[in-house]
Amino acid sequence: MAGGGGKGGSEDLPDITLELTPTWIVAAVCTVIVIISLLFERLLHHLGKRLKNSRKKPLYEGLLKVKEELMLLGFISLLLNVFQGATQRICVKESLMRHLQPCEMPKELKDVSFKATAHFTGVLGGARRLLAGGAAKSDYCEKKNLVPILSVEAIHQLHIFIFVLAVSHVVLSAITVLLGIAQTRNWQHWENNIQTNDVTGPQMIKHVQEFQFIKDHFKGDGKRWRTFGWLRSFFKQFYGSVTQEDYTTMRLGFIMKHCSANPKFNFYKYMIRALEADFKKVVGISWYLWAMLIIFLLLNVEGWYVYIWISAVPFVMLLVVGTKMEHIITELAHEVAQKNTAIEGDLVVSPSDDLFWFHRPKLVLLLIHIVLFQNAFEIAFFFWLLVRTIHMGISSLAE
């Protein structure tokens, strides 16, 4: 029984090494692992081959980044395994282990020396399952009246968290790009209508206020209306953020600025290619995201409730980015309405990098990258805690 401590209990049994393990067990476990690994590798290979054949180069490069991310996380997990024994020989003072703990220590262990509880696992979560063979591995530090810097069970839990983080980030990134493509399905219908309706008639002069795009976005001058524009942009991101008039106007503005000689330019296909290229940039884990991960783990201290505040950050950032993107369209309408009273032909806007924060459109992409990773981290942390809670509940029932 866990924590029993009785003579003849499981804690008195030595570690069963590989040379004492039946060969059929070793072969069976290796077979299962190899089969799962080969199936996953073949799946990624066929997916990449399909993307290459369909000329989806940005998505294919995004898939390569996913492979790199999985390889990196797998290498980190491998290092943890290889140096597991070495960490048991890195000893620290017992007093250092009682600071900056993520969870409150169980009452029955508060007044007990860490050296006496060094063999117990799950101290962070309150579990009291004795690790077989743990006593022998911690003797090195105990002889020095110290404790290991990281227990074997803590390393095992870290393995699980790394795996869940990798899966969460990949799945969330894939879902995001799929939802982005689904959100633009109406754009293809609008593009097809524009391509089929070849209007070559005389250009009529229309008052600028007659255009639906101006009616929807321009409500007047002055500070009051600028404030209203921000409020409208905030709420509009929750429903039909891009209307047909918005798409038609933005398409014409893009064509007049970049390819005026080709009025039949397929703007929808260009936007899909841009979406795929952006996906390639946001799917990976950059160095600054690793730095954020270390900071999150460092600040996860009992009583600080940092994760509660951190969980609100991606939501706020997402609202800010959505509001800004909507307000850019409003600013384009405002610019046209201020410069012109009447326009011959169709309404033409002038997209510019100056409309973005610090004149850098890539800053928006950076914020989306951070939001995706932070959401993946929080989802991984939630599922990790869920698995730990279920495991401890099963252990308690078994006892």
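**Aromatic pairs and the residues of helix α14**

A search of the whole structure finds 17 aromatic pairs. One of them brings together F161 and W384: the ring centres sit 6.1 Å apart and the planes meet at 80°, so this pair is edge-to-face. It also links distant parts of the chain, since F161 belongs to helix α6 (residues 152-183) and W384 to helix α14 (residues 362-398), 223 residues apart. Both F161 and W384 are buried. Please keep in mind as we go on that this is a predicted model.

How are the rings of F234 and F235 arranged? Their centres are 5.1 Å apart and their planes stand at 85°, so this pair is edge-to-face too. F234 has a relative accessible area of 28% and is partly exposed, because that value falls between the 20% limit for buried and the 50% limit for exposed. Elsewhere, ring pairs join up into a cluster made of W187, W190, Y247, F254, F265, F267 and Y270.

Let us step back to the chain as a whole. It has 14 helices and four strands. Of its 399 residues, 33% count as buried. The chain exposes about 25000 Å², and carbon and sulfur atoms supply 66% of that area. Among contacts with a separation of 6 or more, 75% are between residues 24 or more positions apart; the pairing of F161 with W384 has already shown us two residues 223 positions apart.

Now back to helix α14, which holds W384 and also H369. Is H369 buried or exposed? Its relative accessibility is 3%, so H369 counts as buried, the limit being 20%. Which residues does H369 touch? Leaving aside those up to four places away in sequence, the list is K281, V282, G284, S286, Y288 and L289.

L386 lies in helix α14, and at 37% relative accessibility L386 counts as partly exposed. L386 is one of the residues in a nonpolar patch on the surface, alongside I379, F382, F383, I390 and I394. Together these residues have about 560 Å² of accessible area. The value of 37% for L386 is over the 30% that a patch residue needs.

Conventions: Residues numbered from 1 in each chain as written. Predicted model: local features only at pLDDT ≥ 70, side-chain atom pairs only at ≥ 80, totals over all residues. Heavy atoms only, no water. Buried < 20%, exposed > 50% of the residue type's maximum accessible area, 1.4 Å probe, protein only. Contact = heavy atoms within 4.5 Å. Areas by Shrake-Rupley, 256 points an atom, 1.4 Å probe, with all protein chains shown as cover. Phe/Tyr/Trp six-rings, centres within 6.5 Å; stacked < 30°, edge-to-face > 60°. Patch = residues over 30% accessible without salt bridge, like charges linked within 9 Å, V, L, I, M, F, W, Y side chains within 5 Å. Salt bridge = Lys/Arg side-chain N within 4 Å of Asp/Glu carboxyl O.
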